[in-house]
Structure formats: C-alpha cells, structure tokens
Amino acid sequence: DGIDLSRCNDDELQSVRRELGIQFQAGALFDSMNVWDNVAFPLREVEHLSRSEVTTRVDETLAILGLTDARQKLPGDLSGGMKKRVAFARAMVMRPKILLADEPTAGLDPLTTDSVDDAIITAQQTLGATAFLITHDLPTAFRVADSVGLLYEGQVIEVGTPDEFRASTHPAVKAFLHDWIDREAAARET
C-alpha cells in the first residue's frame, strides 16, 4: 500500500501489523490452550473485543476451516494437518488483508496437504485476502497461487502464473522444476 515500513513509528507499524495474519512454519500454538482459545488469543490481546464478538468471530473462523469439532482439543491431541489449520485459523481470525504462511504444508502427507491447501483457498475466497506462501511444495504453489515466484541467491528471478512459471526458460527455474519432476517421478515408482 505504498507504506515505507522503515520510516514508520511504533503506532504506524502496529497499524500495518493489524493488516497481517501470520502462520508460522511450526504453528506456534500455545500448548496449554485449547484450539478455541488459541484462535481467540489475538482478538483478546490485540482487538479487545467483547466476549460475544470474540465468540462469533472464532466460531465463524473454525467453521470456515472445518475445525468446529476440535474446539476443545489441546494442540498435543491434534494431527500435524489440524495444527496447521488451527495456526491458519489464528492467522485469519483478525480478518487481515494479507496472510503470510511459512511452509504451510511442510511435513504433511498428500491428503493432509490437500486439506491445508483447501483452507488457504477458502481463506482467500472468504476474506478476499492476499495470501503469500513461502513453500518448496510446488503442487501446493501451483494449486493455490495466482502467481508463483522463485527466490534464488537473494533475488526474485521469475514471477508468473503457474503456467508461465512451468514454461520459464530461466536456467535456475528449469533446474528447480527438473529436480521437482525427478523427485515426483521417484516417489511414484516407490
């Protein structure tokens, strides 16, 4: 939005941060809080909403991500995919304009990856938010992204639609895709 973050004071930075929802790679869920309280946490700490407003917002968010039945579970009782979806729910409960997700499908099996991909797509459609994913999971990137970019040696060297990215002639992109194709083929053979 044309804001130079390096020139923002603390209040201005806080205003920008309220527009961001962040899903950390490891989830960063509070072990001592159940799913519902983990998702409610930013609303209580940052927004200071009324109890009924918090309840409505958390229940809506859990329903969007198919987590209603998990509301009373502790993080230790959740599968890896459910933990990722709870972390994503916490990122989206504040209704940010921008969602940042760091390796949202890392370490997940293909079915669970699909459920996390679906959660990202749902969040984009429901909130109208822009989602930025940092991922090595090309099937996820190609499934959920309107635009894919490759960071190589500290520079973004290619950006385009998934089809444009697949057709890139840049040597680093071709090498990255070739390595991925080889790994996919090897996985299918086993």
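Colleague: Why is Arg143 called partly exposed?

Modeller: Its relative accessible area is 39%. Buried means under 20% and exposed means over 50%, with partly exposed in between (1.4 Å probe, protein chains only). So Arg143 is partly exposed. This is a predicted model, in which local features need pLDDT of at least 70 and side-chain atom pairs count only at pLDDT 80 or more, while totals for chains, interfaces and linings use all residues. Residues are numbered from 1 along each chain as its sequence is written, and side-chain values use heavy atoms, leaving out hydrogens and water.

Colleague: What makes Asp114 and Arg143 a salt bridge?

Modeller: Their N to O distance is 3.9 Å. The rule asks for a side-chain nitrogen of Lys or Arg within 4 Å of a carboxyl oxygen of Asp or Glu, so the pair qualifies. It links distant parts of the chain. Asp114 is in helix H5 (residues 110-127), Arg143 in helix H6 (residues 138-144), 29 residues apart. Helices here are DSSP runs (H or I, at least four residues), as are strands (E, at least two), numbered from the N terminus.

Colleague: Which residues join Asp114 and Arg143 in one network?

Modeller: Asp117 and Asp118, through salt bridges that share partners. Asp114 itself is partly exposed, at 36%.

Colleague: How do you know that Asp37 and Arg44 are bridged?

Modeller: Their closest N and O atoms are 3.2 Å apart. Asp37 has 24% relative accessibility and is partly exposed. Arg44, at 40%, is partly exposed too.

Colleague: Arg7 and Asp4 also meet in a salt bridge. Is Arg7 buried or exposed?

Modeller: Exposed, because its relative accessibility is 70%. Asp4 is partly exposed, at 38%. Their N to O distance is 3.1 Å. The whole structure holds 8 salt bridges.

Colleague: How many aromatic pairs are there?

Modeller: The count is 2. Phe30 and Phe41 form a tilted one.

Colleague: Why is that pair called tilted?

Modeller: The centres are 4.8 Å apart, with 55 degrees between the planes. Rings of Phe, Tyr and Trp (its six-membered ring) pair if centres lie within 6.5 Å; planes under 30 degrees apart are stacked, over 60 edge-to-face, the rest tilted. So this pair is tilted. Phe30 lies in the loop between strand E1 (20-23) and helix H2 (35-47), and Phe41 in helix H2, so the pair ties together parts 11 residues apart in sequence.

Colleague: What makes Arg166 sit over the ring of Phe142?

Modeller: Its charged end is 4.1 Å from the ring centre. The rule wants NZ of Lys or CZ of Arg within 6 Å of the centre and within 35 degrees of the ring normal. Arg166 is listed as sitting over that ring.
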